[in-house]
Amino acid sequence: MKQSRQTRQKEILYSEVKKFSSFFNAEELYEKAKKKDRTLGIATIYRFLKDLRENNNVHFYVCERKLIYSFDKQSHCHFTCKKCGRMSHLKIDSLDFLKKKFGAICHFQIDVEGICMDCL
Ligand SMILES: [Zn+2]
Ligand SMILES: [Zn+2]
Ligand SMILES: [Zn+2]
């Protein structure tokens with residue numbers, strides 16, 4: 001039986017998406033997938049990522065007003081300086097105290113605002 005174009009494109013997207021080892025966004029996935037199938041459109045990418053989100057198959061965060069995704073990174077944290085506006089990423093590995101309160105944690109994002117060392 002011949003595969004439908006949709007099924008084939010979904011398979012391409014699944015295999016491409018698994019190749020990201022850290023965070024990725026829709027455009028990055030689009031760039032990779034386009035090389036495998038030139039007929040693939042950005043709308044297909046957005047639909048695919050929406051499916052992933054709704055089926056809880058991916059962790060996702062907001063980074064610089066864009067949605068970013070990850071299969072293995074369970075947290076994404078920012079520190080933004082209120083004075084100079086500089087934003088940096090920081091790593092917070094666990095929020096164990098929350099586990100005791102709520103149960104299991106899938107992923108978390110923390111956005112901290114403050115004043116950086118240089119501006120203090
Ligand atoms: Zn998650
Ligand atoms: Zn970020
Ligand atoms: Zn600053």
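Arg-65 sits in the loop between β1 and β2, where helices (H or I, at least four residues) and strands (E, at least two) are DSSP runs numbered from the N terminus. Its phi is near 65°, a positive value in a residue other than glycine. Most residues other than glycine have a negative phi. Is Arg-65 buried or exposed? With 5 C-beta neighbours inside 10 Å, Arg-65 counts as exposed. The scale behind that word calls a residue buried if 20 or more other C-beta atoms lie within 10 Å of its own, exposed if 12 or fewer, and partly exposed in between, with C-beta atoms placed from the backbone.

A word on what you are looking at: this is a predicted model, in which local features need pLDDT of at least 70 and side-chain atom pairs count only at pLDDT 80 or more, while totals for chains, interfaces and linings use all residues. Residues are numbered from 1 along each chain as its sequence is written, and chains are lettered from A and ligands numbered from 1 in the order in which they are written.

Let us step back to the whole chain. It has four helices and five strands, and along the sequence they follow the pattern α-α-α-β-β-β-β-α-β. The radius of gyration of the chain is 18 Å, well over the 14 Å that the globule rule gives for 120 residues, so the chain is more spread out than a compact globule. Here the radius is taken over C-alpha atoms, and the rule is 2.2 Å times the number of residues to the power 0.38. Along the principal axes, the C-alpha atoms fill a box of roughly 65 × 35 × 20 Å. Of the 120 residues, 12% count as buried. Two residues are in contact if their C-beta atoms, placed from the backbone, lie within 7 Å. Among contacts between residues at least 6 apart in sequence, 51% join residues at least 24 apart.

Now follow helix α1 (residues 5–17). At 1.5 Å a residue, its 13 residues should span 18 Å, and its end C-alpha atoms are 18 Å apart, which agrees; the expected span is 1.5 Å times one less than the number of residues. Which residues of α1 are buried? They are Gln-9, Leu-13, Glu-16 and Val-17. Seen down the axis of α1, these buried residues fall within an arc of 90°, so they line one face of the helix. That arc is the one made by the directions from the helix axis to the C-beta atoms. On the other side of α1, Thr-7, Tyr-14 and Ser-15 are exposed. The cover over the buried residues includes α2 (26–36) and α3 (42–54).

Helix α3 can be read in a similar way. It has 13 residues and reaches 18 Å from its first C-alpha to its last, close to the 18 Å expected at 1.5 Å a residue. Its buried residues are Ile-45, Phe-48 and Leu-49. They cover an arc of only 95° around the axis, which puts them on the same side of α3. Ala-43, Lys-50 and Glu-54, on the other side, are exposed. The buried residues of α3 pack against α1, α2 and β2 (66–70).

Just after α3, Asn-56 takes a positive phi of about 60°. This residue is found in the loop between α3 and β1 (59–63). Asn-56 is exposed, with 8 other C-beta atoms within 10 Å. Asn-56 and Ala-26 are 30 residues apart in sequence and 17 Å apart in space, C-alpha to C-alpha.

Finally, look at Cys-116, in the segment after β5 (108–114). It is partly exposed, with 16 other C-beta atoms within 10 Å. Not counting residues up to four places away in sequence, Cys-116 touches Cys-81, Cys-84 and Arg-86. Phe-79 is 37 residues from Cys-116 along the chain, and their C-alpha atoms are separated by 8.5 Å.
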